[in-house]
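Reader: I would like a close look at one residue, and then at the parts of the structure around it and beyond it. Please take it slowly.

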Amino acid sequence: MAETIDYLQFILAPQALNGLSLGVAVVLMALGLTIIFGLLDVINMAHGEFYAMGAFLALSLAGLGVGFWALLVLVPLLMIPIGWAAERWLIQRVFHSRDRHILTLLLTFGLGMILEDVLKLAYGPNTMRPETPIAGGTEILGMFLPNYRLFLIGFGLALIAAVWVVVFRTRLGAMVRAAAFDKDMASSLGVPVRRVYAGTFAFGVALAGLSGVLLAPIYSVFPTMGRDFILMAFTVVIVGGMGSIQGAVVAGLLLTQVQAISSLYISPVWSDPLVFGIMVLVLMVRPRGLFGRLGNA
Amino acid sequence: MREAVMTAVSLPRSPSRGPLNATHWLALLFLAVALVFAAVAWTTGNGFYLRLATEALIFAGLAMSVDLLLGYTGLLSLGQALYFGLGAYVSALVLRDGAPSFWLATGAALAAGALAGLVGGVIANRVKGVYFALITFGLAQVVAKAVYNTRELGASDGIIGIPQIRVTLGPLALDTADPLSFFLFVLGLTMAVYAGLAYLMDAPFGRTLAAIRANEKRVPFLGFNAWGHKLAVYVLAACVAALSGALYPMLRGFVSPELLFFHTSGNAVVTVIVGGVGTLIGPIAGSVLLTALRSVVGSWTEHHLIVVGVIFMLSVIFLRKGLVGALLPWLERRAAARARHGRRSAP
Amino acid sequence: MTKATLPATAALALLGLAGGASAAEPIRIGVVTPLSGTYAPIGQQVRWGLELALKEVNAAGGIMGRPVELLFEDEEANPAVATQKAEKLFQVNKVDFLTGTVNSGSTLAVGQLAERNDRLIATTVSFSDAITTDKCSPNVFRVNARAGQQSAALAEWLAKDKPQAKVYYLGPDYEMGRSTVAAFKAAAEKTGAQSTGEVFAPLDSKDYSQYFGQLRAARPAVLYTSTAGNDTVRLLTQMSEYGLLRNLTVVGASGTVTAQNIGAIGKAADGFVTGVGYSAELDTPENKAFVAAFRKAYDAAPDLYGADSYGLLAFYKAAVEKAGTTETAKLREAMRGLQWPTPQGLKTMRAGDHQAIQDMYAVRVTEGRFTIVGTVPGEAAIGPDLCARF
């Protein structure tokens, strides 16, 4: 019995807690992706590069003396015009063709390729890292967790809740959902559909940038960092149901727990194929994912 | 893309339809230019350019396999490198450990490609659209990681020491180490695959694919099995990719897990878009063009991703039919003019 | 392609006619190295080291009165690209010698290409043992230390400084990571260390905190790791986050903490010990001059890659001058057993496996600098000649 409690307290629980902080990071990445898909039907392959851009922006601004708390506001604000411009000048160019799924995917894939190289041109290939803004750690029930991770979990969950409130409990969110459900009807009801599109894309991009600021102290900053979360984030979005916010949260937290706990029992190298296998299974049983789309939820 | 794909779909039915339509003229033109190039390169003793061109043709095979899915069936595969790499590894293992026989190596690669394509096709064809793109991406990623970690397959180092071989074609025999003859051989093979696929796409099979592309839900009402056709074209594409992959170790003498990486799949998609979706000849021309471009730009700056990325995005936005698509209307006008002229001068 | 290459072909044909091997004809050395992609930071050091050496060699009259030229090509850390670029350098640019490959896959593939083109290459970075053991090639030389030499130096330091230490191993799960761990484990166990467990994390892992439970439970005094680049940044900073670096000595492979990632690791790198063939802190006049010149030119400190690449030109120069020609067979003979000067002292090329013999050091990171804490003479660190091909 004592052994079981020991095992739970010293092996399983810390593992689950560490998995939670990774889960929050993945959900933050997946959230922007799923909102953009839910409304615009666009798979944003450059999402990882926007995340990297946010991290590099934070690094540059921190070099100018801007504090961490100011960065949490400033970087997303700076990312908004970038996202807005990308939607207006790139996505809109191919948006009205029937194959917008594939065309926008290709376009953002090309954009990601260029952005990654531009970041390397601007910052060089070496890894950089900002200092952890909140040092130290806390013991909870004999488990040690760094304070910054506790902050990340708390802040991330609050952010997810805030996004949920905006989408489901505000007029703005109602417009977005209306546009996602039926853009012609929404437009005839006076919803400025074009601005809602650009705004939503910019919002998703700003979320990616904010994730960059939040995760940089833990995961460090380098030009190819955008590739890190992208496969996992896509998996989460697919399993949760493309365009579903609840889906992204549930699938994100669930899949990272699967990964964390399974790596206690199997070689960690197999945890990626395991998660992918779950995705295939979900697609076999429920091709639309666990939850419905944004407009229908 | 709608225009691009509609063109692709309607191409065989364009006014110049017949055994030699405009795309086929383009293929003949490509063949002629390739032969002239071979003659010049051979007389100036430039083995490197012949071998680089051979590599371009090998990757052209991979691009054609992406085009089969994207241009003719509307399925974007982001993981075609899986089958290319599979063909390369199987061929490499057969040549090194089995027998140094071209036919055995390509046969084994084709069999492996068909089998893997069947498994992958059953999984990937459960879904469509972006789900298809992401699931093919994930499949390739998992297999690439597995190869990267498998010591028996040389792990991250890959396999070197694949012998140069003699290919026997009835009375003829050629050496893969000889740049000219191997180039001509791969050129012949590529054009044969092109001709076969172009024929197939013009046959009822290809027209059913076009129907699936246009509206999958209606296909069953026409009495066709949409799922079966999609699986068949997926397996066919896997075989084409595996065949091209099988040629790679014969040219370069090694294989490495990088052949299976997303880099390879992504490049193939870029090639198809830049060359011309749904034309088959476009991907071939695109592969040759991009290989040359990378070779030149790569020596000039390490920021070639920006260059290739910009060209790619411009192609997606402006050249919806790729380079070949930009050339085709002109060729078709010429063909039509010649036809008119021919009628007038007839007695 | 045809259109693009025709003028190039014609131009080359003209060049060929106009050229000829006059005395002033430059010696061309091809450099196929990753200037983009994951290994770009290493490629940068390779480039800097070679370019600095080039300036000095040419200022001193070149090699046998002939000026030296370097031709760079980006290999993107991809063997498929590396062979293509190397073939271009061999056949179109007619380089006399080739170097620069970083990942062992590229070195092996380009080595095979060199055999087929009857040319010689040298690596200044790859440390996979296979290159000069079971996959050795008569056309491939290695002027840097291999993994075996590095672990020998580190194991010796460990036995002296922390006798009978309990060691835990954490490696990246791929061929190089596993074989490096296995090699060090064998060397350390021979000198009395006790192994308390091992774990292999996938390459490019984001989060290492999931292995910290097992690490804590094993209660080791020493952690050996063979991660590299970004992976090390994450591993060490996350360990520091979790307070694991207290009372734990972290040791690792030579590529684990380098000039490229030490800035990002920051304080968490302090106390890290590795076995390596070079340190910028090496207190010899040759090295001081080299470091000063390097800093002046690039505003950065050289690391082992920069130093070994810098030393390569001296190796090639000595060999060509000994052979009196750049011709392959004679040059190979000249290179075998050759001794040449480098910033880290005299190195010897072992004839039997084309592996450089050099003094090895155990270095410890102290406030961002690699200070030397132990030295193993070259002969003691080199290990047996396991190359059977020649």
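Reader: Is B:L169 buried or exposed, and how many other C-beta atoms lie within 10 Å of it?

Author: The model is predicted, so what follows describes a computed structure. B:L169 is exposed, because 11 other C-beta atoms lie within 10 Å and a residue with 12 or fewer counts as exposed.

The residue lies in strand β1 of chain B. This strand covers residues 166–169 and pairs with strand β2, residues 172–175 of chain B, in the antiparallel sense. The pairing runs over 4 bridges. In β2(B), the residue opposite B:L169 is B:L172. The two strands form a hairpin, with 2 residues between them. One residue of the turn, B:G170, has a positive phi of about 60°. In a regular strand, side chains alternate between the two faces of the sheet. As for the distance to another part of the chain, B:L169 and B:F102 are 67 residues apart in sequence, yet their C-alpha atoms are 9.9 Å apart in space.

The helices of chain B come next. Helix α4(B), residues 81–97, has 17 residues. From its first C-alpha to its last it reaches 23 Å, close to the 24 Å expected at 1.5 Å a residue.

Two other helices of chain B, α2 and α11, pack against each other. Two packed helices are described by the angle between their axes and the distance between the axes. For α2(B) and α11(B), the axes come within 10 Å and cross at roughly 30°. The crossing is left-handed. On the α2(B) side the contact is made by B:T23, B:L26, B:A27 and B:F30, and these meet B:I281, B:I284 and B:A285 in α11(B). By class, the contact divides into 6 nonpolar residues, 1 polar and no charged.

In the interface of chains B and C, 39 residues of chain B are in contact with 30 residues of chain C. On the chain B side, the elements giving two or more residues are α2 (22–43), α3 (47–73) and α11 (281–300). By class, that side has 19 nonpolar, 13 polar and 7 charged residues.

Chain C also meets chain A, through 26 residues of chain C in contact with 29 residues of chain A. On the chain C side, α2 (40–59), β7 (194–201) and α8 (229–241) each supply at least two residues. Helix α8(C) gives the most, with 7 residues. By class, this side has 8 nonpolar, 13 polar and 5 charged residues.

Inside chain C there is an open sheet of 5 strands, in the order β2-β1-β3-β4-β5, with parallel pairing. The edges are held by β2 (68–74) and β5 (140–142); each has a single partner strand, so one side of each is left without a neighbour in the sheet. From one strand to the next the twist averages 25°. Within this sheet, 3 bridges join β1(C), residues 27–33, to β3(C), residues 97–99, and the two run parallel. C:V31 stands opposite C:T99 in β3(C). Helix α3(C), residues 79–91, packs on the sheet and touches β1, β2 and β3 of chain C. Its direction makes about 170° with that of β1(C).

Another open sheet in chain C has 3 strands in the order β11-β12-β13, with antiparallel pairing. Here β11 (339–342) and β13 (356–357) stand at the edges with a single partner strand each, so one side of each has no neighbour in the sheet. Strands β11(C) and β12(C), the latter covering residues 345–349, are joined by 4 bridges and run antiparallel. The bridge partner of C:W340 in β12(C) is C:K347.

A last residue can be set beside the one in your question. C:D283 sits in the loop between β10 (273–276) and α10 (285–298) of chain C. C:D283 is exposed, because 8 other C-beta atoms lie within 10 Å. C:D283 and C:N58 are 225 residues apart in sequence and 27 Å apart in space, C-alpha to C-alpha.

Methods:
Residues numbered from 1 in each chain as written. Chains lettered and ligands numbered in written order. Predicted model: local features only at pLDDT ≥ 70, side-chain atom pairs only at ≥ 80, totals over all residues. Pairing = 2+ DSSP bridges. Contact = placed C-beta atoms within 7 Å. Nonpolar A, V, L, I, M, F, W, Y, C, P; charged D, E, K, R; others polar. Expected span 1.5 Å × (residues − 1). Axes fitted to C-alpha atoms, helices over the stretch in contact; angles between N-to-C directions. Left-handed = near helix turned anticlockwise from the far one by under 90°. Buried ≥ 20, exposed ≤ 12 C-beta atoms within 10 Å, placed from the backbone.
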